[in-house]
Number of protein chains: 2
Amino acid sequence: MPAIKTAFIGLGIMGYPMAGHLARAGHEVTVYNRTSAKADDWAGEYGGRAAPTPGKAAQGADFVFSCVGNDEDLRAVALGEDGILNGMDEGAVFVDHTTASANVAREIGEAARRLDKHFLDGPVSGGQAGAQEGKLTVMVGGDPEPFERALPVIGAYGHAVTLMGGVGAGQLTKMVNQICVVGAVQGLAEGLAFAGRAGLDAHKVIEVISKGAAQSWQMENRGPSMADDRFDFGFATDWMAKDLDICIREAKVNGSKLPISGLILEYYRELQEKGYGRLDSSCLIKLLR
Amino acid sequence: MPAIKTAFIGLGIMGYPMAGHLARAGHEVTVYNRTSAKADDWAGEYGGRAAPTPGKAAQGADFVFSCVGNDEDLRAVALGEDGILNGMDEGAVFVDHTTASANVAREIGEAARRLDKHFLDGPVSGGQAGAQEGKLTVMVGGDPEPFERALPVIGAYGHAVTLMGGVGAGQLTKMVNQICVVGAVQGLAEGLAFAGRAGLDAHKVIEVISKGAAQSWQMENRGPSMADDRFDFGFATDWMAKDLDICIREAKVNGSKLPISGLILEYYRELQEKGYGRLDSSCLIKLLR
């Protein structure tokens, strides 16, 4: 495809390689990062340009991407005088990859509409490895027209990119993802802790039971490291606590019952209090040893 | 392999086709079932012989298999005057495929040892479909020598057959399996109920998120039917409640913590009280609608 003018806001553990894939695909990329040194690093590595504000990065871009920490960070880069929405051109498309609330997505979507600009919420799954390999799953909420336009550009780092509904539907889908993940991880944690107490070889148990109805991505990819009490990698407990908190808040709005997910959030908070916030979220098993 | 003399006790939804696979593999099979009409049906279908007691069925067999309902049923066919252990020859191998407690396995293993007979506990996973197709996963506890001897015979219906440790280790492994299963199912139930309330297309959500970290056998094989509120098939709530009860009792013995599995057992009991005991155990979602 022909080179396209893009901007990428937020060069964290996910955004840095995602923006890199845009540059490698031949697109023009202007970046912004709160800590400007990292934006300079990125520009040095990929040959793009670093801008002093999100709004300035967004100026003249056909597509603006962001991937920041939480709702508050997202409002800070998206809204206000120096924000993305104010800086970007009419008709351009803003795609946010932050895992955030559906409310903030709707709020930004509404603000974009008033300015004749387009907004898509597009949280991702696939983690750091998926971002580095350019194989992320992207769950998108928004209108079909800007989605179709953005699709080939997102393809630089998105392996499976699906429009799930109107603005907010991407975030809601990501919430379902996290709810399913933590159920599987907690079951695995209880099962493997039990295996240890029962004197079984946990690795052998995983090998055998992952052939049947107990199989899960979590069992295959986190089971062996949980059995070995290794958690110095992956998706941090702090991030999962943030994501689950978003789910519980949204459930209160839409009337969903999340009894077990709610308890698991309490477990994550307990792990944070014990100083395990940076460990992979499979460290739920620590509470059962 | 040359034809071998076998006996199969318990021709339920699992045992009936498992015994059938033994006959199809060319083995001589004598069957016993509490309701004798079913044993006659089986003998008519597969050309084997029906015996009037478990002990009589076991007489002269090199390998005796059983698959009954629970600990009590297992004691009834294994022990006592007319039981398997009393009827079987010295040196023969008794393999039980019931999902039962590790205690009853140890009790029967001890009784077998005193009579110079061999016992292996070998609960299975793979469900009714696995039994019919002869593709069960078999988790075995017992001594290596009888295990090696029984392995090619179990191969008639066992796809993956693994020795996990001494007598009881098969049951303990199956418990880990069920603990992991119910965590995944509950996460899926909360996620899909949430998806419904959030106005998402649950089938589309499953399609998208099953490509990543939320993927599980349960999501792929039960997610779509849960989304459609179909539960008239599969692994019954009554059976899962029985299995989880075994896990919770064993956890009290070995000191494991199973906080979420314990709550899920309460949910299954609530479903039983509502008359849903025969529905597939994925009907946990009914409590969240």
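Predicted model: local features only at pLDDT ≥ 70, side-chain atom pairs only at ≥ 80, totals over all residues.
Among contacts in chain A between residues at least 6 apart in sequence, what percentage join residues at least 24 apart? The share is 66%.

**Chain A, cartoon view.** Select chain A and colour by secondary structure. The chain contains 13 helices and nine strands. Its radius of gyration is 20 Å, close to the 19 Å given by the globule rule for 289 residues, so chain A is as compact as a globular protein of that length. Turn the view along the principal axes: the C-alpha trace of chain A spans about 65 × 45 × 35 Å.

**Chain A, surface view.** Next, display the surface of chain A. The accessible surface amounts to about 11,000 Å², and carbon and sulfur atoms account for 47% of it. Of the 289 residues in this chain, 60% count as buried.

**The contact between the chains.** The size of an interface is often expressed as the accessible area lost when the parts come together. Between chain B and chain A, the buried area is about 4,700 Å², with 69% of it given by carbon and sulfur atoms. To finish, select Glu190(B), Phe194(B) and Ile260(B): in chain B, these residues lose the most area to chain A, together 14% of what that side buries.

Terms used:
Residues numbered from 1 in each chain as written. Chains lettered and ligands numbered in written order. Heavy atoms only, no water. Helix = DSSP H or I, 4+ residues; strand = E, 2+ residues; numbered from the N terminus. Rg over C-alpha atoms; globule rule 2.2 N^0.38 Å. Buried < 20%, exposed > 50% of the residue type's maximum accessible area, 1.4 Å probe, protein only. Contact = heavy atoms within 4.5 Å. Areas by Shrake-Rupley, 256 points an atom, 1.4 Å probe, with all protein chains shown as cover. Buried area = accessible area lost by both parts, 1.4 Å probe.
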